[in-house]
Amino acid sequence: MEVILYRTETCPMCKVLKTKMEQKGIPFVEVKELHELAKNGITEVPQLRVDGGELMGMAAANKWINAQEVQTNG
């Protein structure tokens, strides 16, 4: 599963999603560079993309994260 979190350093909602994914052990890639955000048509953050699907804003991303099981090593 490929999870990409599009965010900025100063966005408090972005930090919430990042922390929740870390707590659940969900592996993800962060994209924070403004030129990359613009290249992907992102005008507001946070945005989450799972397996190349549609971008999810804060509410949808939070709902998706909450539905995920806690990942364990092993």
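Analyst: Start with confidence. This is a predicted model. Its chain averages a pLDDT of 94, and 97% of the residues score at least 70.

User: Which elements have the lowest and the highest mean pLDDT?

Analyst: Helix α2 (residues 34-39) has the lowest, at 94. Strand β1 has the highest, at 98.

User: What makes the sheet mixed?

Analyst: Its three strands are ordered β2-β1-β3 in an open sheet. β1 and β2 run parallel, joined by three bridges. β1 (residues 3-6) and β3 pair in the antiparallel sense, over four bridges. Two strands count as paired if there are at least two bridges between them, so three bridges are enough for β1 and β2. Four bridges likewise qualify β1 and β3, so they are paired.

User: Why are β2 and β3 called edge strands?

Analyst: β2 (29-31) and β3 (47-50) each pair on one side only. Neighbouring strands of the sheet are turned by 20° against each other on average, direction ignored.

User: Which residues stand opposite Y6?

Analyst: In β2, Y6 faces V31. In β3, the bridge partner of Y6 is Q47.

User: How do you know that both faces of β1 are covered?

Analyst: V3 and L5 lie on one side, I4 and Y6 on the other, and all are buried. In a regular strand, side chains alternate between the two faces of the sheet.

User: Where does helix α1 lie?

Analyst: Helix α1 (residues 12-24) lies across β1, β2 and β3. It runs at about 155° to β1.

User: What makes up the largest nonpolar core?

Analyst: Eleven residues: V3, L5, L17, M21, I26, L48, V50, M56, A61, W64 and I65. The largest share, three residues, comes from α3. As a rule for soluble globular proteins, nonpolar side chains tend to be buried together.

User: Which residues does M21 touch?

Analyst: Leaving out residues up to four places away in sequence, M21 touches V3, L5, I26, F28, L48 and I65. There is also a second, separate core of eight residues, including I4, V31, L37 and V45.

User: Why is Q47 called buried?

Analyst: Q47 has a relative accessible area of 10%. Buried means under 20%, so Q47 is buried. Q47 sits in strand β3.

User: What does Q47 touch?

Analyst: Beyond residues up to four places away in sequence, Q47 touches I4, L5, Y6, I42, L55, M56 and G57.

User: What makes the pair of E44 and Q47 a polar contact?

Analyst: The backbone oxygen of E44 lies 3.4 Å from a polar atom of the Q47 side chain. The distance cut-off is within 3.5 Å, so the pair meets it.

User: Why is G57 called partly exposed?

Analyst: The relative accessible area of G57 is 27%. Buried is under 20% and exposed is over 50%, so G57 falls in between. G57 lies in the loop between β3 and α3.

User: Which residues does G57 touch, and how many Å separate G57 from H35?

Analyst: G57 touches P46 and Q47, not counting residues up to four places away in sequence. G57 and H35 are 19 Å apart in space, C-alpha to C-alpha, and 22 residues apart in sequence.

Definitions and conventions
Residues are numbered from 1 along each chain as its sequence is written. This is a predicted model: local features need pLDDT of at least 70, side-chain atom pairs count only at pLDDT 80 or more; totals for chains, interfaces and linings use all residues. Side-chain values use heavy atoms; hydrogens and water are left out. Axes are lines fitted to C-alpha atoms, for helices over the stretch in contact, and angles run from 0 to 180 degrees between N-to-C directions. Contact means heavy atoms within 4.5 Å. A nonpolar core is a set of buried Ala, Val, Leu, Ile, Met, Phe, Trp, Tyr and Cys residues joined through side-chain atoms within 4.5 Å. Buried means under 20% relative accessible area, exposed over 50%, partly exposed in between (1.4 Å probe, protein chains only). pLDDT is the predictor's confidence in each residue, from 0 to 100. A polar contact is a pair of N or O atoms within 3.5 Å; within protein, one must be able to donate a hydrogen and the other to accept it, and residues adjacent in sequence count only if both atoms are side-chain atoms.
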